[in-house]
Each structure stands twice: as C-alpha cells, then as structure tokens.
Amino acid sequence: MTATTATGASNAPSSAAVPVAVSAPAAASKPPRKFDGSRLLPLIGPLALFVVWDLVVRLQLVSPVLLPTPGATLVALAKGIAGGPLLTDFLSSLNRTLQAFLIAGVIGVPLGVLLGSNEKAYRSVEFLVDFFRSTPSSALIPLFLMIFGVTDMNKIAIAAFAAVLVILFNSAYGVINARKQRVMAARVMGASRWQIFKDVLIWESLQPTFVGLRSGVSMALVIVIVAEMFIGSDSGLGNRIINAQQVLNVREMYASILAAGALGYVLNILFLVLEKRVVHWSGR
C-alpha cells in the first residue's frame with residue numbers, strides 16, 4: 001500500500017512545476033503608409049489658375065476695375081453663399097436646372113431606348129435628332145419666348161429641349177451598339193425579343209445613357225444661365241451676372257460665375273459617383 005502510494009505520488013505532476021507558456025506570434029507590423037501624391041493632382045489646375053490670376057492683377061496686366069483679386073472674389077462668393085442674395089439666385093438656377101433635367105430624362109431615356117431597339121425607326125428620325133442637336137439652343141430662345149412668354153416655364157422648356165436631344169442620342173446609340181455577342185447568346189438560349197430587350201439591351205445601354213445624363217444636366221445648366229441673362233428674369237445666377245456686369249460690380253460678377261461653375265462641377269461629380277454605383281460592371 002505504501003509502495004503504491006509512493007509510485008502514484010512519483011507519477012503525479014509536481015505542484016512545483018511551472019507550466020511552459022506558449023508565446024503568441026508577434027503581430028505583424030504594418031508597413032508605414034506612403035504619401036500618395038496623385039491625390040493632389042486635381043488641385044494643381046485650380047491653384048495654377050489662381051496664381052496666374054493673382055499675378056495678372058498684381059502686375060496690372062488687366063485693370064483692377066475689370067478684374068478683382070482672387071482673394072476678394074472668393075470672399076464675395078463666401079459671403080454671398082452664406083445666406084446672402086447670391087444663395088437665393090444659386091438655388092433658383094439649381095431649381096430650374098433640375099426641373100429641366102427631370103423633364104428631359106423622363107422623355108429622353110425611354111424614347112432613346114425604344115428608338116435604339118428598332119434601328120429602322122431611329123434611322124427615320126436620325127436627321128431631325130442630329131439637326132436640332134447641332135442647332136445652338138440659344139438660337140431658339142425667341143421661338144420659345146413666343147410660345148411660353150416671359151415666364152419660368154420658358155427657361156425650363158428650352159433647357160429641357162436642349163438636354164432631351166443629348167440624352168436621347170446617347171441612349172439610342174447605347175442600345176444600337178450593344179454587344180452583339182450577348183444579344184446572339186441570348187437568342188441561342190431561346191430568349192424572346194422582349195426578354196432580349198429588357199435583360200440585355202437596357203442593361204447594355206446604361207453606360208452611354210449615364211454619359212447622356214451627365215451631358216444633359218450640364219447642357220440644361222448652360223441654357224438656364226443663358227436664358228436668365230437674356231430673358232426677363234428677377235432671379236438666378238445668369239440674371240445676377242448680367243446685372244453685376246452692367247453696373248461694373250466685378251467682384252459680384254466673378255463670384256456668380258464661380259458659383260455657376262461650381263454648381264456644374266458638383267452636378268457632374270454626383271452623376272459620376274452614381275454611374276460607378278449603378279453601372280459597376282462596366283467594361284467586364
């Protein structure tokens with residue numbers, strides 16, 4: 001009994017033994033992030049513009065009466081947008097542009113897709129589309145003035161007319177130039193004409209349609225600004241630009257021009273982001 005106890009005691013692990021700790025693998029150290037200078041490339045153009053602008057004013061190559069400093073212009077822009085009268089005109093132009101663009105999009109996209117799906121139908125109206133698309137829309141202002149009078153609807157209608165032609169053209173050509181391999185593959189698998197239209201042609205036309213939408217919203221903004229300048233209007237960036245020019249308020253004039261440019265740029269960026277999210281398979 002004593003021997004058994006002794007043997008058992010000798011086989012039992014010693015209470016004084018210290019367990020060996022297993023060291024965890026050292027966390028891999030992350031390499032330091034390198035500075036990506038390419039992100040600053042878009043800033044070079046604007047900075048160069050403002051530097052040249054400032055030098056032109058300082059060297060008096062252009063009279064300060066006609067060209068204010070970039071700093072003074074940016075201050076006028078900030079004050080006007082921060083609750084000043086410029087903000088009201090900015091919102092008026094934005095509202096007219098969006099109304100014209102929505103009208104153009106609702107008409108241009110479905111009509112372009114339908115015409116593009118029937119190439120003979122598109123060829124029959126191709127001359128009209130190309131003719132009016134090539135005609136400067138500002139030349140049609142007197143015609144729209146006779147139809148709609150001096151109203152907001154006049155400015156919206158002529159901007160929508162200009163934008164709808166751009167959108168329709170791109171949507172139709174997107175369908176016409178859809179990848180023939182995919183259309184033929186759908187036919188081989190027994191897809192009907194309706195199935196090919198809704199499952200192949202519409203999706204294939206999305207990328208050129210977005211190109212048309214981006215071009216259309218830019219066209220709508222341009223025509224709205226021009227219409228606000230030369231058609232009776234009591235608000236809008238175009239009206240503000242022409243009024244400031246007539247009284248030689250150059251700071252306000254240049255601030256309004258920068259506001260119009262910023263509006264067009266932001267609208268273009270928004271559509272680029274939307275296009276990347278919706279047409280994420282582009283190029284595949």
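# Aromatic pairs and helix packing in a predicted model

The protein chain comes to 12 helices and zero strands, and, read from the N terminus, its elements run α-α-α-α-α-α-α-α-α-α-α-α. Of the 284 residues in the protein chain, 36% are buried. If we consider contacts between residues at least 6 apart in sequence, 74% of them join residues that are at least 24 apart.

Now to the aromatic residues, where the structure holds 10 aromatic pairs. One of these is formed by W53 and Y254, a tilted pair with 6.0 Å from centre to centre and 45 degrees between the planes. This pair links distant parts of the chain, since W53 belongs to helix 2 (residues 41–58) and Y254 to helix 12 (residues 250–278), which puts the partners 201 residues apart.

F144 is buried, with a relative accessible area of 10%, while F161, at 24% relative accessibility, counts as partly exposed. Both phenylalanines belong to one aromatic cluster, made up of F127, F131, F132, F144, F148 and F161. Another ring, that of F169, has the charged end of R133 sitting over it, 3.8 Å from the ring centre.

Let me return to helix 2, the helix that carries W53. Which residues of helix 2 are buried? They are W53, V56 and V57, and because they cover an arc of only 100 degrees around the axis, they lie on the same side of helix 2. As a reminder, an α-helix has 3.6 residues a turn, so residues three or four places apart point the same way. What covers the buried residues of helix 2 includes helix 3 (70–81). On the other side of helix 2, L41, I44, L47 and R58 are exposed. L49 also lies in helix 2 and, at 53% relative accessibility, counts as exposed; its C-alpha atom is separated by 9.5 Å from that of P70, 21 residues away along the chain.

Just after helix 2, Q60 takes a positive phi of about 55 degrees. V62 is found in the loop between helix 2 and helix 3, where it counts as partly exposed at 30% relative accessibility. Leaving aside neighbours within four places in sequence, V62 is in contact with V56 and L67, and V56 is, as I said, one of the buried residues of helix 2.

I will finish with two buried polar side chains. D89 has its place in helix 4 (residues 85–117), and at 8% relative accessibility D89 counts as buried. What does the side chain of D89 join through a polar contact? The partner is the side chain of R240, at 2.9 Å. Beyond its neighbours within four places in sequence, D89 is in contact with S235, G236, L237 and R240.

The other residue, T209, is placed in helix 10 (residues 206–230) and is buried as well, with a relative accessible area of 5%. Again setting aside neighbours within four places in sequence, T209 is in contact with V109, N170 and S171.

Conventions: Residues numbered from 1 in each chain as written. Predicted model: local features only at pLDDT ≥ 70, side-chain atom pairs only at ≥ 80, totals over all residues. Heavy atoms only, no water. Phe/Tyr/Trp six-rings, centres within 6.5 Å; stacked < 30°, edge-to-face > 60°. Helix = DSSP H or I, 4+ residues; strand = E, 2+ residues; numbered from the N terminus. Buried < 20%, exposed > 50% of the residue type's maximum accessible area, 1.4 Å probe, protein only. Lys NZ or Arg CZ within 6 Å of the ring centre and 35° of its normal. Polar contact = N/O pair within 3.5 Å; in protein donor to acceptor, adjacent residues only side chain to side chain. Contact = heavy atoms within 4.5 Å. Arc of directions from axis to C-beta.
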